[in-house]
Amino acid sequence: MRIEKIKIYNYKCFDGWFTAHLNNGVNILVGDNEAGKSTILEAANLALTGILQGRYLKNELSQYLFNHNVACNYIGAVKKGENPHLPEICIEIYFDTDKLPLFEGNRNSEKVKACGIFYKIEFDSTYQSEYERLISVPEELTTIPIEYYKITWKSFARDSLTARSIPVKSVMIDSSSNRYQSGSDIYISRIIRDDLEDSEKVKLSQAYRKMKDSFSQDESIKAINKKIDEKAKISEKTLKVCVDLSTQNSWESVLMTYLDNIPFHQIGKGEQCVIKTNLALGHKKSKEANLILLEEPENHLSHTKLNELIKNITDGCLDKQIIISTHSSYVSNKLGLENLLLLHDQNISRLSDLKKDTFDFFKKLPGYQTLRLILCKKAVLVEGDSDELIFQRAYMDSNDGRLPIEGGVDVISVKLTFERFLEIAENIKKPVAVITDNDGDYDTKIIKKYKAYEESDCIIIFADKRNELNTLEPQFVDANKEDPKKLCDVIGVSCEDYTTPDVLSKYMESNKTKWALKVFESKDAVKYPEYIKKAASWCNE
Amino acid sequence: MLLNIQNTLKRQLLGAMNNNTLIIASAGSGKTSHLVEGALRKSTESVLITTYTEANEREIRNKIVSKKGYVPSNITIQTWFSFLLQHGVRPYQSVLNDELHDVDIGFLLSNSRSGKKYDSEGNPISIGGRPIYWGEKDFFRYYFTKGKDIYSDKVSKFVCKVDQELKGELISRVSRIYKNIYIDEVQDLAGFDLDIIKSLFKSKSSVMLVGDPRQVTYLTHHTTKYGKYSEGNIKSFVENELGKRIKCEVDETTLSVSHRNNQIICDYSSRLYSNLPKSTACKCGACRVMDDHMGVFIVKPSMVGKYLETYRPIQLRWDNRITVNSNYPAMNFGESKGTTSNRVLIYPTRPMANWIKDNNAVLSSEGRAKLYVALTRARLSATIVLDYEEGDMFEGKRINNYIIA
């Protein structure tokens, strides 16, 4: 059994419905900061365990769980004297199986037969009259009246659920640490508990009870109790100290996990992360499926540890589903490009959605460049190394010497494969600029070649119309025609040797990288062709 | 030819899948024990045990707990209505009407036909003294109260309609959840309940029905649908309505002997249902107790106090409007179903009294069933409170020393 998809409605950064279809094994979630990677992990874990940030959400509802726009629209409408529908949050998890008929029904947003569960935060209509009184004075309503909300946690068959009855055990592994009062880590206790068979759980709680009993039977405790009782002669009743026997599952909150005699929460974050992941990967219960949610593992792992973790994941994920959020192109590349889920603007796309030959093309690439395109904020595609150097410098000159990458702009040299990259960019709506030569035929090489992207709202082509200036070098010479001596100085030739623009650009063409590097490293700024300057200012739009 | 072979194959397959039985049981034959033992034998497969009354559901639960110490996790026990609500109504409740998608559907027990029309002042509308009802076209008013509670007499119809709309998906879901479905006191089911049973027979689940056609003291609802089978005639439903492709074996022998009643009570109570096989008392040594007051008796109202003091029977009555001796315990006929007492004292209704005097007298099917239940509660003696004169004739026999059978 596996999770087919997760749908999220109005939760945190998701305004309206968001759907994420999941792969069988590894799912690598990439996307910008604030794109909602962590929110997806959080929502999946909440719907499967009822727990948010280590606590049962039931008693800790807050209006900040709601999407900001949704909340604002609601309050705005109330202020206008309208009677808007109270916002609600919903998370749906669809299971891909016919082995769980108990969870089958049509109580899902698609209103079709499906197997799964939903977790909903909604208005409790038993408070209807209180609510009506509240909105009769609209000025006083400044937030969603969360105190009138309830949580509905049910299967698609409309049966109420408990965390125990859900057949998928979710394990959240993130950098935060949520501990019981005693210090034992909630997640690690859960991971261990979820892996125990019922009979083992019974044995464990019996052993714990026995331990508590023997504590109170100990001679020294008896002596203490005698003393207490004598001192406190308040009534006929006896007063004594004892271990708390009241809670049923208290072993979970009291037992502590140790690694080499060191309490688990005292060991390094990286080590914690690796151990939790390995424990979760090791779950062997056949009746239940596992979902492992791993948040940015690169954050607290050394390169070697990260490598180790990734190896464990690829080896151990055969019968498990894993969602990893990451910013690391290394992690994504190691775990396989075909498993990438690219998150952008409340949408998920995958490389496998691309044309087959494009996908195959990228599969052959080391992957690093693809990911650069995916992970950057904006990308500038150039043909070769000299174009890359010149553009970087042009950008720096208009941005107080900062490199493009510092502004989230990645300059990628793609040789002659512009179209492949543009297909991805179009797919994931990534703002991309192309800087290219007109090769002496603007109509064919630019207008016709990039016709498909004419209407695109994320792709823009920068090239010069003048066919006589067919490549970067004549363009560059032309841009500096007012002061050819300065250009010659910068690129390290004598202007007496190269008297006409033609000879100068011939020289540059046969020393491509050399002159470009000189320009890049020069103390003095030169002038840049108009189309390159435009591209540089597009980066800051 | 090919088609024929295919059909034969299909039938064999279906035969192999359907392992359905109807067990006709008589009172005191150990119905519940049989059912519970069957369920406990299925230690690995999922089992649903369902029955109409809450009292019987409790009885089944208690029996399992007393045998096993707990209810094993593969066994689910719930009343018929709770089963219908959980697995029949809710999973696909909005298939018939989209407005139901987000509604929490509740349940209203309705003892008479539901969905009466009311006028603006809240009085029932009637024509010629007969009330008027909402029809199926007024979907919500037909099936539901204003608060979206589904009426108990319509719930099985609702379930059938949904299953039809889903081309059998609803029942398929149930059969994938429960490999074995046991229905106790099946004679209480009526109308569309029988259609559900039929669909369950057709499904992959093995279905076992247990019931006593003589004990129809309650019905899930009153309906004209399958009316001829509603009076305990489940056997002929199984024989006539299933068609060739659905199989259900009828077993009238396994539970035919009474471990409770002695032969005199068996014989006398069998007179109420002359068309059905007579019940016999078992010959187990452990069940048989000898006593000097055994059989069926009558006692004059004036002698009731003395009789109660001497024999300490439990008093059985139609309902609590009937005056009994408040110093001794009493129960309604319907309530007493499933219970066992050494002795009972029965306060008969007028038609019951007439029948006792003359077995050809008219007695409604409900009255008949309740008298049967009352008589068959007793292990030793069943005594009827009835005024008579010494020398009166009962069923052609002169009363002699209180003994009528």
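Leaving aside its neighbours within four places in sequence, which residues is Val477(A) in contact with? In this predicted model, the partners are Leu487(A), Pro501(A), Leu504(A), Ser505(A) and Met508(A).

Val477(A) itself sits in helix α16 of chain A, which covers residues 472–479. Its relative accessibility is 8%, so Val477(A) counts as buried. Go eleven residues along the chain and you get to Cys488(A), whose C-alpha atom is 9.6 Å from that of Val477(A).

Now for the place where the two chains meet. Chain A brings 17 residues to the contact and chain B brings 16. Between them the chains bury about 1400 Å², with 41% of that on carbon and sulfur atoms. Over in chain B, the residues that lose the most area to chain A are Tyr92(B), His101(B) and Arg176(B), and together they make up 37% of what that side buries.

Here are the counts of pairings between chain B and chain A:

| Kind of pairing | Count |
|---|---|
| Salt bridges, chain B to chain A | five salt bridges |
| Polar contacts, chain B to chain A | 16 residue pairs, both at pLDDT 80 or more |

Two helices of chain B, α4 (80–89) and α7 (169–177), are the elements that give two or more residues to the side touching chain A. The largest share of that side, four residues, comes from α7(B). Sorted by class, the side of chain B that touches chain A has seven charged, five polar and four nonpolar residues.

One of the salt bridges joins the side chains of Glu169(B) and Lys113(A), at 3.3 Å from N to O.

Key: Residues are numbered from 1 along each chain as its sequence is written. Chains are lettered from A and ligands numbered from 1 in the order in which they are written. This is a predicted model: local features need pLDDT of at least 70, side-chain atom pairs count only at pLDDT 80 or more; totals for chains, interfaces and linings use all residues. Side-chain values use heavy atoms; hydrogens and water are left out. Buried means under 20% relative accessible area, exposed over 50%, partly exposed in between (1.4 Å probe, protein chains only). Contact means heavy atoms within 4.5 Å. Buried area is the accessible area (1.4 Å probe) that two parts lose on being put together, summed over both. A salt bridge is a side-chain nitrogen of Lys or Arg within 4 Å of a carboxyl oxygen of Asp or Glu. A polar contact is a pair of N or O atoms within 3.5 Å; within protein, one must be able to donate a hydrogen and the other to accept it, and residues adjacent in sequence count only if both atoms are side-chain atoms. Ala, Val, Leu, Ile, Met, Phe, Trp, Tyr, Cys and Pro count as nonpolar, Asp, Glu, Lys and Arg as charged, and the others, Gly among them, as polar.
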